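Visitor: I would like to learn how to read a few features of this model, beginning with a single residue. Please give me the general idea each time, and then the case at hand.

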Amino acid sequence: MALSRRKPIGYPEISFLSFDVLPLLAGIQHEMGLDAVGPFTFSLQSMATLACIRWEQGKPGGDIYFHSVFNHPDVPQPVIEHILRHELLHLKIPARVIDGKLIHHPPEFWEAEQALVPWKSASWRWMVIAFWAVIKTDIPNECTWVKKSWQKLQKYLYPIWQMILDDHNRYSDKQDQIKGLMESL
Ligand SMILES: [Zn+2]
């Protein structure tokens, strides 16, 4: 989930989430000390990756895009909140060159994210279980692709958040996928 200069191709959808994202986003932005960067829009749409943020230094505001796989009333608020915090953190901790390669998520990014989203491993467990059939992690490019076949998710139920919190061991067989995803985000 990276900082993008281009708008992802796709059409914004009506939100089917069970809560309002804009007040949540504004609250997080305020809490992170990012009021001065201006307001952010939020869109749900079918696109190539799980989420991204568009923002240019010196220009007010920006845009946050989430893939349509999130556009469902059963998607828990903590998962959306995790991604919003992650995306906004890109404004505070920029990409930097490490060993000759531009890294969008340097070690200090992950450290800050852990403090900002203490529930992030539960959130990733939820995402791996909900989306496993349609996502592909790309560690070298630090991104998570959503396959074109994502609409087949409509056949499955999304997991219940409380179940994820209560039962860590149940998903131990998915540990490798979860780790891969956490590193490729
Ligand atoms: Zn990211």
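Visitor: Is A48 buried, exposed or partly exposed, and why?

Guide: A residue is buried if 20 or more other C-beta atoms, placed from the backbone, lie within 10 Å of its own, exposed if 12 or fewer, and partly exposed in between. A48 has 15 C-beta neighbours inside 10 Å, and therefore counts as partly exposed. This is a predicted model, in which local features need pLDDT of at least 70 and side-chain atom pairs count only at pLDDT 80 or more, while totals for chains, interfaces and linings use all residues. Residues are numbered from 1 along each chain as its sequence is written.

Visitor: Where does A48 lie, and what does A48 touch?

Guide: Strands are DSSP runs (E, at least two residues) and helices likewise (H or I, at least four), numbered from the N terminus. A48 lies in the loop between β2 (40-45) and β3 (51-55). Contact requires C-beta atoms, placed from the backbone, within 7 Å; leaving aside residues up to four places away in sequence, A48 touches P8, W145 and V146. The C-alpha atoms of A48 and V146 are separated by 5.6 Å, although these residues are 98 residues apart along the chain.

Visitor: Which residues of α2 are buried?

Guide: In α2, the buried residues are V79, I80, E81, H82, I83, L84, H86, E87, L88, L89 and H90.

Visitor: Which residues make the contact of α2 with α3?

Guide: From α2 (residues 77-92) come R85, H86 and L89, and from α3 come F109, A112, E113 and L116.

Note on methods:
Axes are lines fitted to C-alpha atoms, for helices over the stretch in contact, and angles run from 0 to 180 degrees between N-to-C directions. Two residues are in contact if their C-beta atoms, placed from the backbone, lie within 7 Å.
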